[in-house]
Amino acid sequence: MKLKYSLITRRTFLNTLFGGWLFAFFSGAFYTLMKFAFPTLGKEPDFVVLDRKDFSDIPNNSVKPFAWGGALGLYFKKEDGSVAALKGVCTHMECNVAYKPEEKKFYCACHQGWFDETGRNIAGPPPKPLEVFDVTEDGDKLIIARKGVKVELPKA
Amino acid sequence: MSYPRLKNWLDERYDLTDVKKFAKSKLIPEHRYDLLYYTGGITLFLFVLQFITGMLLAMYYVPHIDHAYESIIEIVTKINLGWFFRSLHHWGAQLTILFLFIHLFGTLLVKAYRKPREMVWITGFILLIISIFFGLSGYLLLWDERAFAAVRVATGGAGALPVFGGFIKAFLRGGMDVTGDTIVRFYAFHVSILPLLSLLMIGLHVLLVQYHGVSVPRSEIKDPQPTVPFFPNVFYKDMIIWLIVLGVVVTLAVLAPPEIGIKADPLAPPPANIKPEWYFLMVLETLKLFPGTIFGLNGETIAIICVVVGISFLFLIPFFDRKANRGEESTVFTVIAVIYVVYFVVMTAVGFLS
């Protein structure tokens with residue numbers, strides 16, 4: 001079929017083709033560069049495995065820090081002896097929080113944020129509660145996992 | 001394609017008539033050897049490529065004696081596309097040096113250095129020296145046994161120079177021997193000092209070429225000189241060639257990733273059949289020609305002096321070639337140029353094959 005009139009000129013067609021090719025080329029190159037530049041390593045873990053005996057004999061109403069990837073995790077033994085684990089990073093501006101045993105609260109010194117024993121944000125600027133992890137004990141191992149993550153340990 | 005609003009915005013603020021006029025009127029001579037004009041553009045393109053890949057690699061490399069080697073292993077094994085960008089940086093460097101030599105020898109043979117373009121030659125030559133030092137400093141960062149030996153030999157060679165040798169050696173090594181301090185120092189050279197110097201030199205070099213216009217070989221000067229417009233003819237050709245070069249570099253990077261040797265051990269002997277980078281082979285073979293002592297003097301010192309004199313003569317050749325400067329035929333310097341090229345090619349080949 002031969003059109004009597006063309007909607008585009010040959011020049012427009014070629015320019016679009018060439019421009020489109022350039023665009024495709026540069027976006028491909030840019031994507032590759034960014035793929036390299038963005039970090040591959042150091043992602044937040046799904047779970048960490050700790051040595052149980054390091055954490056079993058801490059006194060009641062105290063915390064012991066552990067490494068949650070590159071961030072602070074807090075193993076927490078409450079007054080009544082029950083245990084929990086939470087991410088010790090304030091949900092406001094990512095400062096590390098500290099446990100205040102006398103008040104039974106977590107405190108963030110950067111902007112005076114307060115969290116209660118369950119990690120709930122109760123005062124100050126923090127917009128969300130602290131992230132609470134699942135704690136399971138498996139023989140001499142202590143497994144701390146993000147909520148809802150199925151832990152699959154490598155077979156030793 | 002046109003953007004009238006952007007055009008208006010610019011026109012209301014800047015007077016671009018001169019730029020437009022310049023872009024329209026820039027002409028490039030056309031003759032038998034005009035392919036040589038593209039070698040400079042290729043090197044420029046490769047420099048840009050080296051800058052981009054280098055910036056990315058610097059995000060992951062750790063310049064410390066305990067982590068340098070391991071961080072490169074991590075880049076090529078764990079980081080997304082890390083093997084590709086390290087390989088690309090390696091092959092980009094090889095081709096940069098290769099095209100710098102082609103550009104240099106081409107310029108030498110057609111005597112484009114002659115009056116009034118002496119400073120173009122000088123800045124270009126400095127860029128070659130900077131690039132070779134780029135290669136040496138970049139190679140040490142790998143910190144494998146070959147890199148260690150290569151840098152020991154190269155800095156030791158500089159140490160054989162009379163009077164200043166010891167100072168140069170200590171300055172380059174950051175101590176009496178090649179140690180962890182040398183890595184930090186070479187890292188500073190490689191990612192900070194040399195890039196800034198080369199940017200300055202490239203800027204000056206390109207500006208001077210722009211100022212003088214490209215040189216036409218004496219035998220090709222005609223009246224009127226046949227020319228082609230830079231925009232778009234030569235510019236498009238430049239881009240086509242860059243694309244081909246990029247294709248070559250990427251292909252080499254994918255098919256022939258450079259090996260990583262065993263981690264450097266200052267107390268271990270170098271591996272058998274160790275060879276420096278190909279652009280040092282010519283110097284190495286020259287040093288081999290000299291005996292240990294010549295008339296009771298240290299043979300190595302004399303050899304190094306000969307190499308330095310040879311390089312200095314080439315560096316200052318525009319000032320020696322008086323005839324070419326007057327626009328006369330200068331057969332002696334054509335012969336000298338051919339000797340330089342043949343010597344370089346033969347000695348590199350001998351070094352490569354031996």
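Student: How many helices and strands are there in chain B?
Tutor: In this predicted model, chain B holds 15 helices and four strands.

Student: What share of chain B counts as buried?
Tutor: Buried residues are 30% of the 354 residues of chain B. As for contacts with a separation of 6 or more, 78% of those in chain B are between residues 24 or more positions apart.

Student: Turning to chain A, how many helices and strands are there?
Tutor: Chain A has two helices and ten strands. Their order along the sequence is α-β-α-β-β-β-β-β-β-β-β-β.

Student: Why is chain A described as more spread out than a compact globule?
Tutor: The globule rule gives 15 Å for 156 residues, whereas the radius of gyration of chain A is 27 Å, well over that value, so chain A is more spread out than a compact globule. The box filled by the C-alpha atoms of chain A is roughly 90 × 45 × 30 Å along the principal axes.

Student: And what percentage of chain A is buried?
Tutor: Of the 156 residues in chain A, 16% are buried. Among the contacts in chain A with a separation of 6 or more, 35% join residues 24 or more positions apart.

Student: Next topic: which residues touch the most other members of the largest nonpolar core?
Tutor: They are B:L46, B:L140, B:L141, B:W143, B:A147 and B:V151, in a core of 64 residues. Two or more residues of this core come from each of α3 (37-58), α4 (68-77), α5, α6, α7, α9 (180-212), α10 and α15 (331-353) of chain B.

Student: Which element gives the most to this core?
Tutor: That element is α5(B), with eleven residues. In soluble globular proteins, nonpolar side chains tend to be buried together.

Student: What is B:A147 in contact with, leaving aside its neighbours within four places in sequence?
Tutor: B:A147 is in contact with B:Y139, B:L140, B:L142 and B:A264.

Student: At what angle do α6(B) and α7(B) pack?
Tutor: The angle is about 135 degrees, and the axes of α6(B) and α7(B) are 8 Å apart. The two helices, α6(B) and α7(B), are therefore oblique to each other. The crossing of α6(B) past α7(B) is left-handed.

Student: Which residues make that contact?
Tutor: From α6(B) they are B:L136, B:Y139 and B:L140, and from α7(B) they are B:A147, B:A150, B:V151 and B:A154.

Student: And how do α5(B) and α10(B) cross?
Tutor: The axes of α5(B) and α10(B) cross at roughly 125 degrees and come within 8 Å. That angle makes α5(B) oblique to α10(B). The crossing of α5(B) and α10(B) is right-handed. In this contact, α5(B) supplies B:F84, B:S87, B:L88, B:W91, B:G92 and B:L95, while α10(B) supplies B:V249, B:V250, B:L252 and B:A253.

Student: Now the backbone: what kind of peptide bond joins B:K115 and B:P116?
Tutor: The bond between B:K115 and B:P116 is cis, with omega about 10 degrees. B:P116 is in the loop between α5 (82-109) and α6 (118-140) of chain B. Another cis peptide bond joins B:F231 and B:P232, with omega about 0 degrees. B:P232 lies in helix α10 (residues 230-255) of chain B.

Student: Is A:K104 buried or exposed?
Tutor: A:K104 is exposed, because 12 other C-beta atoms lie within 10 Å, and a residue counts as exposed at 12 or fewer.

Student: What is phi of B:V163, and where is that residue found?
Tutor: Phi of B:V163 is positive, near 60 degrees, in a residue other than glycine. B:V163 is in the loop between α7 (145-159) and α8 (165-173) of chain B. B:V163 is exposed, with 7 other C-beta atoms within 10 Å.

Technical notes: Residues numbered from 1 in each chain as written. Chains lettered and ligands numbered in written order. Predicted model: local features only at pLDDT ≥ 70, side-chain atom pairs only at ≥ 80, totals over all residues. Rg over C-alpha atoms; globule rule 2.2 N^0.38 Å. Buried ≥ 20, exposed ≤ 12 C-beta atoms within 10 Å, placed from the backbone. Contact = placed C-beta atoms within 7 Å. Core = buried A, V, L, I, M, F, W, Y, C linked by C-beta atoms within 7 Å. Axes fitted to C-alpha atoms, helices over the stretch in contact; angles between N-to-C directions. Parallel < 35°, antiparallel > 145°, perpendicular 65-115°, else oblique. Left-handed = near helix turned anticlockwise from the far one by under 90°.
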